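Here is a short briefing on one protein model. Please look over the sequence and the fold before reading on.

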Amino acid sequence: MFHTSNILKTSHYLRPCIHPSSRSFVHSLPRNFPRIGRFTSQKSFQSILPTFRDQVARSTEVASFSSRFPRPTIRSQVLFFVGGSLLAYSIAASQTEIDTEYWSKQLVSVSHRWTPRPPNTEDMRKAQYLELGKYLQTQVNQLKDTLAEWPLALRNLVLSVYVQAAQSYLDAPEGRRLCWLICGVNTAIYLVWKIPRLAPFMTRSFTHHPLSGRSYTLLTSMFSHKSFIHLLANSMALASFGSAATHYFTLEQLKHDEHQQEATAKWHFLAFFISAGLFSGLVSHVAACKVLFPRLVNQYTASAVIKNSPAAAAISSTAVKTATTTPREILPSLGASGAIYAAVTVSALAFPDAQVSLIFPPFVSIPIQAGVGGLVMLDMIGILRGWRMFDHYAHLGGAAFGAIYYMYGPQWWAFMRGEYQQLHSPTS
């Protein structure tokens, strides 16, 4: 795991763990899951392909493979990303305004010392910290009453564990607490994956296949992890960099005037996380539809033409075998790492002096920007080399979203907050 040093004297906001936490491909699929276009299985594909090859060999006009198997579209996925992101930011802006108004009124009502000026962001967050502390203390007292009949040693052990967990939760930054909640959702979905009877449903609804035509899986696949290592790696990275990104959003908000004070940055980060995940999935989807699918079509077409050509006998068997090798299929993907890459990139740009340590040998500390640059370079090489374990297009899409958001995100958030305030301001 990576840890951070030398970051604004608040190193607890950023304990990053740069590792290949990734949006990955699903290689083990149910037999009835579509792997390419209209084909329902590899067996059925092989039964259809010879017919097509025969037609190519016998016809005077070679019918194009793409005319028989239409190219998948991206229109509905683009609209889903735009609509989903606007909805996420609209809800986040409204919830932030509701929370800010609530805590502002609470502070004004309980103390006369707020009268010279309205409560600011720091005042409201201190009040929330105290309120959370009171709530956790109440839970401790209730637990004591519940365990009153237990043996003394066991009661003290349970109370000690609970108090330590509650104190850690209280002391954690707001962004980290939100990331823990997201990790809890991811864990619940991971456990559903372990129910064999639900495997077909999970594959259909919680992985995004570019050839399926579905759009909603851009969202559901963000929270889906099929392997424990994948879940663990993404959870560690999210808790570290998500907290740092939320802290950056808070620092940016403090630059605004008193009319845009906010009690919490959690809604801002949640909207950012969802939009980044949708965008990274969309990049992967577009790459599959506009790059990988045409390449796959060309390979199958060339394979059919060469194998059925009268001149094939004159070609060496090695050349024919190479030309007719079955192309790699387009696989569905899942995971939160596209959104995490966005948080990593924002953190690297916002805190360029931060140091991160590798969780694997040689366990050295490196500048965060060098680490992020290395990950981006690795994904670019993965695309060029055709590596299949991770969804490299989604990773690069997340990194691009993070870089763009660092430059324009705070202004976009201020615009959304301002629009909400104008819509709900009392008319004169």
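Predicted model: local features only at pLDDT ≥ 70, side-chain atom pairs only at ≥ 80, totals over all residues.

The protein has 14 helices and four strands. Of its 428 residues, 46% count as buried. Among contacts with a separation of 6 or more, 76% join residues 24 or more positions apart.

**Helix 4**

- Asn 120 caps the N-terminal end of helix 4. A side-chain oxygen of Asn 120 lies 3.2 Å from the backbone nitrogen of Glu 122.
- The buried residues of helix 4 include Thr 121, Asp 123, Met 124 and Ala 127. Leu 132, Leu 136, Val 140 and Leu 143 are buried as well.
- An α-helix has 3.6 residues a turn, so residues three or four places apart point the same way.
- The cover over the buried residues of helix 4 includes helix 3, helix 5, helix 6 and helix 9.

**Largest pocket**

- The largest pocket holds about 910 Å³ of space.
- It is lined by 32 residues. Those closest to its centre are Arg 125, Gln 128, Pro 173, Glu 174 and Arg 177.
- Five elements are listed as giving two or more residues to the lining: helix 3 (75-110), helix 4 (121-146), helix 5 (152-171), helix 6 (174-193) and helix 9 (228-253).
- Helix 4 gives the most to this lining, with nine residues.
- By class, the lining has 14 nonpolar, nine polar and nine charged residues.

**Helix 10: His 285 and Lys 290**

- His 285 sits in helix 10 (residues 266-308). Lys 290 lies in helix 10 too.
- Is His 285 buried or exposed? His 285 has 1% relative accessibility, so it counts as buried.
- The side chain of His 285 makes a polar contact with the side chain of Gln 77, at 3.3 Å.
- Leaving out residues up to four places away in sequence, His 285 touches Thr 73, Ile 74, Gln 77, His 208 and Pro 210.
- Lys 290 counts as partly exposed, because its relative accessibility is 43%.
- Lys 290 and Arg 71 are 219 residues apart in sequence. Their C-alpha atoms are 8.3 Å apart in space.

**Helix 12**

- Helix 12 (residues 337-350) has 14 residues. From first C-alpha to last it reaches 19 Å, close to the 20 Å expected at 1.5 Å a residue.
- Why is helix 12 largely enclosed by the rest of the structure? Of its 14 residues, 12 are buried, so the rest of the structure largely encloses it.
- The buried residues of helix 12 include Ser 337, Gly 338, Ile 340, Tyr 341 and Ala 348.

**Gln 369 and its link to Ala 348**

- Gln 369 is found in helix 13 (residues 368-385). At 39% relative accessibility, Gln 369 counts as partly exposed.
- Which residues does Gln 369 touch, not counting residues up to four places away in sequence? They are Ala 348, Leu 349 and Pro 352.
- Gln 369 and Ala 348 are 21 residues apart in sequence. C-alpha to C-alpha, they are 5.3 Å apart in space.
- The side chain of Gln 369 reaches the backbone oxygen of Ala 348 at 3.1 Å. Ala 348 is one of the buried residues of helix 12.

Notes:
Residues numbered from 1 in each chain as written. Heavy atoms only, no water. Expected span 1.5 Å × (residues − 1). Buried < 20%, exposed > 50% of the residue type's maximum accessible area, 1.4 Å probe, protein only. Polar contact = N/O pair within 3.5 Å; in protein donor to acceptor, adjacent residues only side chain to side chain. Contact = heavy atoms within 4.5 Å. 1 Å grid on protein atoms, 1.4 Å probe; cavity = no way out; pocket = protein on both sides within 12 Å on 5 of 7 lines; lining within 4 Å. Points joined across faces, edges and corners; volume = space filled by probe spheres on them. Nonpolar A, V, L, I, M, F, W, Y, C, P; charged D, E, K, R; others polar.
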